[in-house]
Amino acid sequence: MPRFLPPIKSTQHRVAAIALYRALLSRCSSAPLTDDERVPLRNAIRNKFRRNRKLSSPYLLGLSFKAGYEALDYLDEVSNGDSTSAGILSHLIAGLSHSLTRTPRPRTVPQPSIPKERLAFLPPERAVLNVRPYAQTSGPRHVPMIASANGVPFLRLTKPQPPALSRMLRQRLETKQRMFDTKVMLANWWLPVAKQEDDWDALIRVEAKRRVEGDDDRLKWVDAIRLSEKENKETHERDQMKEMEITSKMQRIVDLETELALKEGRTIIRGRKNRPLKVVKPKS
């Protein structure tokens, strides 16, 4: 076993310890002992293994394994009818302390914490863009900042970031990524496939030297892909317009909050406190 590896993390050590533990409990159940001897011995085995499960000293581990194997030999000899070993074992059991022979406490399994119910979205009366700026605050006014998460604007209000805001950003980013992946697939995969299908249809018409029933030269595979690209582009443009409108609302909130904070005599620091990018002080 490597010296840098704790015994509890070593596979060989764990296999040997578990095998010895199971052998001792098995022999304890099958040996011809009285109930007054079997129960204390069984409890002592369980308690001793539980106490020594985190031992890392090779010397103490060697003593523990030696004692376990000696006890296993005594139990085997008692099972074979050796009266001398039975007397020694009875003497050893009688000398065990009460802390070893008492019933081990059952292990308590930690109950999983019930997550708090999270709102899918804030109601309109609590939406930040609808309630800000506050006319009055109970404490110092904190002016929010406009931030961007890969192009998704949001107001940074507090730290740590609220779970609802994190969920909204994650969903928006997944939607943007899905739209981009669709654009790439349409342009680099489906459009070349559609062109090949149109070439194949044209070749079939030439070879057949007649119009195939249900065929229409005006209907092409490429047109369907172009339509999908157009719809994807329009959706992207609508999202961009919506983000621009939201950014304008956010900037208006920041400006109004800044104006109110300056009227209340607050100094506004943009950036880090030790390395500010901009400091706005109220007019004296």
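This is a predicted model: local features need pLDDT of at least 70, side-chain atom pairs count only at pLDDT 80 or more; totals for chains, interfaces and linings use all residues.

User: Okay, what does UniProt annotate on residues 17-73?

Analyst: The UniProt record, which is an unreviewed entry, carries the annotation "domain: Complex 1 LYR protein" for residues 17-73. In the model, that span is 82% helix and 0% strand, and its end C-alpha atoms lie 16 Å apart.

User: And which residues gather in a patch of positive charge on the surface?

Analyst: Lys48, Arg51, Arg102 and Arg105 gather in that positive patch. Lys48 belongs to helix 2, which covers residues 35-51, and with a relative accessible area of 42% Lys48 is partly exposed.

User: Which residues make up the patch of negative charge?

Analyst: The negative patch on the surface consists of Glu70, Asp73, Glu77 and Asp82. Glu70 is found in helix 3, and its relative accessible area of 41% makes Glu70 partly exposed.

User: What about a nonpolar patch, which residues make that?

Analyst: Tyr59, Leu60 and Leu63 make a nonpolar surface patch of about 320 Å². Leu63 sits in helix 3, and at 43% relative accessibility Leu63 counts as partly exposed.

User: Is Lys66 exposed or buried?

Analyst: Lys66 counts as exposed, because its relative accessibility is 52% and the cut-off for exposed is over 50%. Lys66 is placed in helix 3, which runs over residues 58-79. If you compare Lys66 with Glu125, the two are 59 residues apart in sequence, while their C-alpha atoms are 72 Å apart in space.

User: Switching topic, how many salt bridges are in the whole structure?

Analyst: A search of the whole structure finds 9 salt bridges. One of them joins the side chains of Arg132 and Glu257, with a distance of 3.1 Å from N to O. That pair links distant parts of the chain, since Arg132 is in the loop between helix 6 (128-131) and strand 1 (145-149), whereas Glu257 is in helix 8 (residues 221-263), 125 residues apart.

User: Are those two buried or exposed?

Analyst: Arg132 is buried, and Glu257 is buried as well.

User: Which residue does Lys176 form a salt bridge with?

Analyst: Lys176 pairs with Glu243, and the closest N and O atoms of the two are 3.9 Å apart. This pair also links distant parts of the chain, with Lys176 in helix 7 (residues 163-208) and Glu243 in helix 8, 67 residues apart.

User: How accessible is Lys176, and what about Glu243?

Analyst: Lys176 counts as partly exposed, at 28% relative accessibility, whereas Glu243 is buried, with a relative accessible area of 9%.

User: And Lys263, what is its salt-bridge partner?

Analyst: The partner of Lys263 is Glu259, and their closest N and O atoms are 3.5 Å apart. Lys263 and Glu259 are both in helix 8 and are 4 residues apart, so about one helical turn separates them. Lys263 is exposed, with a relative accessible area of 63%, while Glu259, at 41% relative accessibility, counts as partly exposed.

User: Last topic, the backbone. Is the peptide bond from Arg132 to Pro133 cis or trans?

Analyst: The peptide bond from Arg132 to Pro133 is cis, with an omega angle near 0°. Pro133 is located in the loop between helix 6 and strand 1.

User: And what is phi of Asn150 near?

Analyst: Phi of Asn150 is near 55°, which is a positive value in a residue other than glycine. Asn150 lies in the loop between strand 1 and strand 2, the latter covering 152-156.

User: Is Asn150 exposed or buried?

Analyst: Asn150 is exposed, because its relative accessible area is 66% and exposed means over 50%.

How values were computed:
Residues are numbered from 1 along each chain as its sequence is written. Side-chain values use heavy atoms; hydrogens and water are left out. Patches are made of residues with over 30% relative accessible area and no salt bridge: like charges are joined within 9 Å, nonpolar side chains (Val, Leu, Ile, Met, Phe, Trp, Tyr) within 5 Å. Accessible areas come from the Shrake-Rupley method with a 1.4 Å probe; for residues, only the protein chains shown count as cover. A salt bridge is a side-chain nitrogen of Lys or Arg within 4 Å of a carboxyl oxygen of Asp or Glu. Lys and Arg count as positive and Asp and Glu as negative; His and the chain ends are not counted. The place of a charge is taken as NZ of Lys, CZ of Arg, CG of Asp or CD of Glu. Helices (H or I, at least four residues) and strands (E, at least two) are DSSP runs, numbered from the N terminus. Buried means under 20% relative accessible area, exposed over 50%, partly exposed in between (1.4 Å probe, protein chains only). UniProt positions are given in the numbering used here, feature names are shortened, and annotations may be inferred rather than shown by experiment.
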